[in-house]
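Hi,

Here is the model I promised to pass on. Have a look at it first, and my notes come after.

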Amino acid sequence: MAVDLRDPLRSVLGSILDEVRDRTDGEVASYIPELAKADPRALGIALASTHGVVHEAGDSAVEFTIQSVSKPFVFALALDALGLEEVTRHVGLEPSGEPFNAISLDEASGRPLNPMINAGAIVTSSLIPGDTADEKFARIRAGLQAFAGRELDVDEAVFASEAATGDRNRALAYLTRSAGTLASTAEIATTAYFRQCSLTVTARDLAIMAATLATGGVNPVTGERVVGEDAARWTTAVMTSCGMYDASGDWLVRVGLPAKSGVGGGIVALQPGQFGIGTFSPPLDARGNSVRGVAMLEALSSQSGLHLL
Ligand code: DON
C-alpha cells in the first residue's frame with residue numbers, strides 16, 4: 001500500500017488490514033440468529049487520538065451492533081451516577097476466567113464477578129437510573145451517544161432476535177435478582193440490556209468512544225465531558241483485567257491494552273492519555289472475540305510499540 005503523506009497513520013492502518021484480510025478462520029455469531037446475516041468479509045479499523053484526530057481504513061463506516069462492547073461504557077455511566085461503593089455492592093471487579101455467558105455468582109456476596117460478563121452487565125444495566133426499561137435505556141442510549149459523539153440507532157431486527165432467544169440472559173437476571181444484587185426486575189434489566197446490545201456503531205464510533213475513556217472522560221471530538229475521571233479510570237482498569245473474558249490474561253501479554261470485544265464483531269482498545277481504537281470483523285473465535293480484530297490489535301501492538309507494559 002502506498003504511503004498517504006497527508007495521513008501516514010492511515011497507511012499503517014491500511015497495511016494492518018492487508019495483513020489480516022485473507023484469514024478465513026472464525027465463525028460469525030449465530031446464537032442470536034439475526035447476527036448470522038453479517039458479512040464475514042467486512043473489515044475495518046479506526047484510531048482516534050486524545051486530541052480528537054481520527055484515522056480510519058477499510059469498512060470503518062459500516063454499522064454493526066455494539067453487543068458486549070457496550071458493557072464498559074454502561075459500567076462507566078453507572079459508576080458516574082452512583083459511585084464505586086454502590087456499584088460494587090452489586091457487581092464485583094475480579095476476572096472470572098470464564099466464558100461471557102457463564103452462570104456464576106460469587107457465593108458469599110451473590111454478586112457477578114465482574115461487569116464484563118453477561119451476568120455483571122445485566123446487573124450494571126439494572127443500576128442505571130430509571131423506573132422502567134424505557135427510562136433506563138434512554139439514559140444508556142444518551143450516554144453511549146455522548147461517548148460516540150453522534151446519534152445511535154437500535155437495530156430492531158437484532159433486538160427482536162435476541163429478545164426471542166435470550167433465555168440464558170433472563171436466567172442470569174433471575175439468579176442475580178434472587179441473590180439480591182439486581183437493582184430492578186429481571187424483565188426491566190434484560191429489556192434495557194438487549195436494547196443496549198442492539199445499538200449500532202461503526203469502528204470509527206468505537207475509536208472515539210474508547211478515546212473518550214483514554215482522555216479521562218471527555219469526548220475528544222465534541223469536547224463534551226461524558227463521565228468523570230474516576231469513572232473512566234476504574235472502567236479502564238476493569239477492561240484491562242476482564243475485557244476479553246477467559247482470554248484476558250493471554251490478551252494482556254500479547255496486546256497489552258485495555259479492551260472489550262462484542263459478538264457483533266467489534267473490539268475497542270485504548271491507551272490511557274494517547275488514543276482509542278475500534279476494529280470490526282464479524283467472524284469470532286471460540287471465546288466470542290473477533291479473530292481478525294484480535295489479529296489487527298496484536299499486529300498494531302507489536303509493530304508500533306503500543307503495548308502498555
Ligand atoms: O448477551 C449476549 O449474549 C449478547 N447480547 C452480547 C454478548 C457479547 O457480545 C459477548 N462478547 N464477546
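This is a predicted model: local features need pLDDT of at least 70, side-chain atom pairs count only at pLDDT 80 or more; totals for chains, interfaces and linings use all residues.

Residues are numbered from 1 along each chain as its sequence is written.

The domain assignment gives domain 1 (8-66 + 199-304) and domain 2 (69-197); such bounds come from an automatic or database assignment. Their centres, taken over C-alpha atoms, are 20 Å apart. Across the boundary, 41 residues of domain 1 are in contact with 39 residues of domain 2, contact being C-beta atoms, placed from the backbone, within 7 Å. On the domain 1 side, β4 (200-201), α9, α10 (229-242), β5 (259-261) and β6 (266-271) each supply at least two residues, and α10 gives the largest share, eight. (Helices are DSSP runs of H or I with at least four residues, strands are runs of E with at least two, and both are numbered from the N terminus.) That side has 21 nonpolar, 14 polar and six charged residues, counting Ala, Val, Leu, Ile, Met, Phe, Trp, Tyr, Cys and Pro as nonpolar, Asp, Glu, Lys and Arg as charged, and the others, Gly among them, as polar.

Now the ligand. Both domains give residues to the shell around the ligand, so it lies between them. Among the shell residues are Gln67, Phe100, Glu162, Cys197 and Gly288, each with its C-beta atom, placed from the backbone, within 6 Å of the ligand. By class, the shell has three nonpolar, eight polar and one charged residues.

The largest nonpolar core has 98 residues, and Ala207, Ala210, Ala259, Val268, Leu270 and Leu297 touch the most other members. (A core is a set of buried Ala, Val, Leu, Ile, Met, Phe, Trp, Tyr and Cys residues joined through C-beta atoms within 7 Å; buried means 20 or more other C-beta atoms within 10 Å of a residue's own, exposed 12 or fewer, partly exposed in between, with C-beta atoms placed from the backbone.) Helix α9 (residues 203-214) contributes the largest share of this core, nine residues.

Helix α2 (residues 70-82) is mostly covered, with eleven of its 13 residues buried. Just after α2, Gly83 takes a positive phi of about 90 degrees.

Finally, Pro40 sits in the loop between α1 (8-20) and β1 (44-49). Pro40 is partly exposed, because 14 other C-beta atoms lie within 10 Å.

Cheers

Notes:
Two residues are in contact if their C-beta atoms, placed from the backbone, lie within 7 Å.
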